[in-house]
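Hi,

Here is the structure I promised to pass on to you. Please open it alongside this email, and my notes follow below.

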Amino acid sequence: MLIDVLTIFPKMFEPVLKESILKRAQNKGLIKIRLHDLRNYSQDKHKKVDDASYGAGGMVFTPQPLFSAVESILGYTVYPREKKDPNKRIVMFSPQGKRLTQPLARKYLKYERLILIAPRYEGIDDRVRKHLVEDEVSIGDYVLSGGELPAMVFIDSITRLIPGVVSSPASIEKESFENGRLDYPHYTRPQDFRGLKVPSILVSGDHKKIETWRDEKSLEITKRKRPDLLK
Ligand code: SAM
């Protein structure tokens, strides 16, 4: 999968992309992430990408740099539309977007390339939303200062689902939200920490019983903490 990110703060992404699973996924060639500074696509002599909102208010991203950036990355005109490309998706982050969930993250696995737009200020000129962006994604009902953190959350949630990225695929299948459930409790060594013991079933060596215990705990926790998931 190829992911192009449009942002005015590419440096915010660098440390996140250079660590752990995201770094490994890129090194293995399972994902390629390119950061584009939106200002480089501005035709304004001062490389401005924003202007005041009509009718007073804050600053918003103007359409030109965003359309130019996406069209330069794709190599064709997006508006008026030159061609249909079912293998790519242009995603923008917005509090008005569809809430990011595990099933939504999974849906993006089918695309070969994603273009992610990370706005700032009051957001974008609405012509961008209507005629350039294909999906709006929100990471929750709160307002952040920009789309960079949502873009990073989105990239991470999708990357770990790409086959081969996480070393044990079984661990992904059993993670929270897969099968509409929350995870079961985990324990590690020591078996006794200040008198606090690991449940005996987990050290019994009986894998069938352990599976049943985990299944029961996962259901119990989901019922207690997120009954909405079971509906
Ligand atoms: N004026 C906007 C509103 O009231 O909905 C908020 C703009 S916010 C300060 C700047 C940018 O941060 C947004 O355009 C969006 O790209 C991003 N953003 C903020 N909160 C977000 C969220 N919960 N999910 C996704 N993106 C978010």
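A polar contact here is a pair of N or O atoms within 3.5 Å; within protein, one must be able to donate a hydrogen and the other to accept it, and residues adjacent in sequence count only if both atoms are side-chain atoms. This is a predicted model, in which local features need pLDDT of at least 70 and side-chain atom pairs count only at pLDDT 80 or more, while totals for chains, interfaces and linings use all residues. Residues are numbered from 1 along each chain as its sequence is written, and side-chain values use heavy atoms, with hydrogens and water left out.

Let me start with the ligand. A nitrogen atom of the ligand is 3.1 Å from an N or O atom in the side chain of Glu122. The backbone takes part too: a polar backbone atom of Phe93 lies 2.5 Å from a ligand oxygen atom, and a backbone N or O atom of Tyr142 is 2.8 Å from a ligand nitrogen atom. Taken alone, the ligand exposes 580 Å², and the protein buries 82% of that (accessible areas by the Shrake-Rupley method with a 1.4 Å probe).

Which residues come nearest to the ligand? They are Phe93, Glu122, Gly140, Tyr142 and Leu144, out of 18 residues around the ligand (a residue counts as near if one of its heavy atoms lies within 4 Å). By type, the shell divides into 10 nonpolar, seven polar and one charged residue; Ala, Val, Leu, Ile, Met, Phe, Trp, Tyr, Cys and Pro count as nonpolar, Asp, Glu, Lys and Arg as charged, and the others, Gly among them, as polar.

β5 (88–99) and β7 (135–138) each supply at least two residues of that shell, and the largest share, three residues, comes from β5. Helices (H or I, at least four residues) and strands (E, at least two) are DSSP runs, numbered from the N terminus.

A few backbone details are worth a look as well. The Tyr79 to Pro80 peptide bond is cis, with omega near -10 degrees, and Pro80 is in the loop between α3 (63–74) and β5. Another cis bond runs from Arg189 to Pro190, with omega near 5 degrees; Pro190 lies in the loop between α7 (169–173) and β8 (192–193). Ser20, in helix α2 (residues 20–27), has a positive phi of about 50 degrees although it is not a glycine.
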